[in-house]
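Here is a brief report on one model. Look at the sequence and the structure first.

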2 protein chains.
Amino acid sequence: MLTDRQLLILQSIIEDYIQSAEPVGSRSISKKNSITFSPATIRNDMADLEEHGFLEKTHSSSGRIPSQKAYRLYVDRLLLPYRFSELEMNNIQSLFAGKILEAEEAVKETAGILSELTSYASIVLGPEMFESRLRQIQIVPIGKEAAVAVIVTDTGYVENHTVALPPTLEAGELEQITNILNERLRGIPLYQLQRALFSEVRDVLKRYVLNYEAALSFTEEALRKSRHEKIFYGGKTNLLNQPEFKDVDRVRALLELMEEEHLIHELLKPTINGMTIRIGQENTNEAFEHCSIISATYSLAGKPVGTIGIVGPTRMEYQKVISLVNHLSYGLSNVLDDLYRRDS
Amino acid sequence: MLTDRQLLILQSIIEDYIQSAEPVGSRSISKKNSITFSPATIRNDMADLEEHGFLEKTHSSSGRIPSQKAYRLYVDRLLLPYRFSELEMNNIQSLFAGKILEAEEAVKETAGILSELTSYASIVLGPEMFESRLRQIQIVPIGKEAAVAVIVTDTGYVENHTVALPPTLEAGELEQITNILNERLRGIPLYQLQRALFSEVRDVLKRYVLNYEAALSFTEEALRKSRHEKIFYGGKTNLLNQPEFKDVDRVRALLELMEEEHLIHELLKPTINGMTIRIGQENTNEAFEHCSIISATYSLAGKPVGTIGIVGPTRMEYQKVISLVNHLSYGLSNVLDDLYRRDS
DNA sequence: TTTAGCACTCGGATAAAACGAGTGCTAACA
DNA sequence: TGTTAGCACTCGTTTTATCCGAGTGCTAAA
C-alpha cells in the first residue's frame, strides 16, 4: 500500500515533528541526509500519505503534521531500538544499584527517574501486595472505642487501619484474637485473608470469644484490604513545558484528571502483561485526547503487581520512552524480586 | 493620615478588585450604594491614596489596583467578620460531624473542604505526632537482612520503616529486644524515644544481648523519627482558574515549588500559634510573589501539631479565607482532641 | 518517474487607525 | 474650603489593512 520511499518520508516527518512541534515542509525533509530526492517528489508522496490518512495539514498551504494513524504505524512498524545515552545509563544504573529496603521506595524512585529522563509525566501504580503473605498482624487498642490493626507481610509491606472496637468485647479478648489470627493466618496471601478468616478462624473464635459475632465482624474489618494500590506521580509539571500544553485549559483538564485516582486506575490497570501504548484518542478519556500513554506492568515473582507509565503529548519521543519504560519495568521487577527473595 | 472617606474608598476599590481582577475606575466606585460622592472627588482621593502607596496604576490613564500595602491595611484594619453561607456551613458541619477514626483522615478531609470552599489551593502540614506516646513497637524480621519496625502511638498513629538487620544478631534476640523496648519505652513521647533509648534501654540491652553495640544502633535506627510531617494538598488546580495564573510560566513556578516538600515546610512551619497572613512579597520565595498565604496552626491537647493554609493570588477573598482557616483550624483541633481523649 | 518552475494560499507579523475607559486639571458651586 | 461638572488628554485594546514568506499543487520538461 505504501512504497518504501513513502515510509521513509513518513518516518522523517514524524521524527522531525517530534523534535520541532512545527508542521514539516517538503523542503526541510529534502535536506536530510537520508533523503536523496527533491522537494517536488516529496510533495507528491506527501499528498499520497495525506490521502491515506497519515498526514494532516493545519491549513491549506501549511506543512504536514503526522496523524494519530501515523504515530500508530510508526510505533508498530518503523521504530528502531533506542540506544541510551551515557547519562541515561548512569541514572538507571544508580537507581537499581543503591541498597533498597522497601518496595515503596523502589517504586517512588522509579517514578522519579522515569519523569526525569523523559520530559513527560510519570505515573506508577502499585505495587499490589495481595500476593504477598501475612507475616504478622497486631491489633492495638486505642482507648475504649477504637483499635489499630497493623498487618505486616513477608515482603515488608505494612498496612494499617483504624477500626471501631465493638463495645461487647471483653478485656483480654483482643489479645486472644490477635494470637488466634497470627497462629491461623500466617503465611496466607492477603487476598485470601477474608476467605481464610471464615474457613480457619471462625470456629476457633467461637470457642474462645464470648460475643463471637461482633468479634468476627470486627476482625473482618481489621483485615479488609485497602481500596486499591497507591498512585505515585513524577514530573507532572514537565507537561507544562510542552508547547501543546501552553493552553491553560488543557493543562487543567489533565491535572484535574490526575487527581481522580480511580480514573487513573481504570486507565492504567488494563495494561496487559507486557506493554500498552495508547495514542491520542485511543485513550477513551477526553482529557487525554492530545496525549499518549505508554505503560508496562512490573511483577513480583513472575506475577504482575503494578504498572508504570508515561503521559506525554501525542508528539512523544516514542522510541526513547518505550525503551525506557520497558527497561525500568524490568529493572523494578528485579528489585522487587530481590526484596522478596531475601525471605527464603 | 487617611480620612475616613479615603479609607472607605480604598476598601471599595479593594473589594471591587478582589471580585473583578480588573483595574477599578472612579466612576464604577461612585455607583456603589455606600458611596455618595462624585467621581471627581473619588479621583482626588485616589490620587492621595496613590501618593501614600496604597494604590497603583497599570499605566498612566488606567484605573487603580490595590498595592500590597493596601491589602495589608485592609487585612489589619478594614476587615469585617465574615458570615458563612448556608452551603458553607453545611460543608463544615458535615466535616466535623462524621465519625472520624484516624487523625490523617481528618487532616485530609480538612484540606479538601478548605480548597473546595475557597477557590484556591490548600496546604495542610502534619499532624506532627512527636507529642504522642509510644503504645507499642513491633519489630518483624523480613528475611535475613531486613526487618520492619512498626510503631503505634496512643493516638492511633502508625509509623513504620524498614531497617537493615545486623548480621551478628542471634536468633531470638530480636524478640527479646522487642520485649525490652515495649517494657521500657511504653508511654514515652516519640520525640523522647531516642533519648530514652540510652537512658532506659541501653543497660538492659547490654545484659541480654550478645552483640550489644550492633543491636543498639539497629534499635536506634528502628526508632528514628520520620524526616518531617506529611504534606497534604487540596485543589491545586483551582489556581489555574485564577486570571493571574493564566500565564503558564507562573503556574509552573508555583506547582514546581509545591513539589519541594522542604520548602513548603519552611514556608508554613513558622506559623505562630494563631494565624499568619503573608501577602505577596512578604513571602520570601519568589514564586509566591503574586500570592498570599494564610495559615493557622491546629493543635492537639493544647500544643500546636500542624498547620493548615491557603495559597491564592494576592487578590484574595481575605475575609472569607481568614474566617474559614480560623474556623477549620479550630474544628480540626477539636476533632484531634476527641481522638486523643478517647484514650483516657 | 522525477524534477524544475511558477502561480497561489493563508497564517502571522507589522503598521496605522479608531475606540473608549479612565485620568488630571481647572473653574464653578455650595 | 471642600465638592463637583466639564474637558482635554493618555494609553492600552481592538480593528483593519498590508505585507511577507513558507509551503503547496499543478504543469511541463528531463
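## Sheet in chain A

In which order do the three strands of the open sheet in chain A lie, and is the pairing parallel or antiparallel? The order is 4-5-6, and the pairing is antiparallel. Strands are DSSP runs (E, at least two residues) and helices are too (H or I, at least four), numbered from the N terminus. Two strands pair if DSSP finds at least two bridges between them.

Strand 4 (134-142) and strand 6 (158-164) of chain A are the edges; each has a single partner strand, so one side of each lacks a neighbour in the sheet. Eight bridges link strand 4 of chain A to strand 5 (residues 146-153) of chain A. A:I139 has A:A149 in strand 5 as its bridge partner.

## Basis of the model

The model is predicted: local features need pLDDT of at least 70, side-chain atom pairs count only at pLDDT 80 or more, and totals for chains, interfaces and linings use all residues. Residues are numbered from 1 along each chain as its sequence is written, while chains are lettered from A and ligands numbered from 1 in the order in which they are written.

## DNA strand C

DNA strand C is surrounded by 20 residues. The closest are A:F37, A:T41, A:S61, B:G25 and B:S26. Near means a C-beta atom, placed from the backbone, within 6 Å. Helix 3 of chain B gives the largest share of this surface, four residues.

## Two copies

Chain B superposes on chain A by a rotation of 180° with 0.0 Å of shift along the axis (RMSD 0.1 Å). The two copies are thus related as by a two-fold rotation axis.

Technical notes. Least-squares fit on C-alpha atoms with pLDDT ≥ 70 in both.
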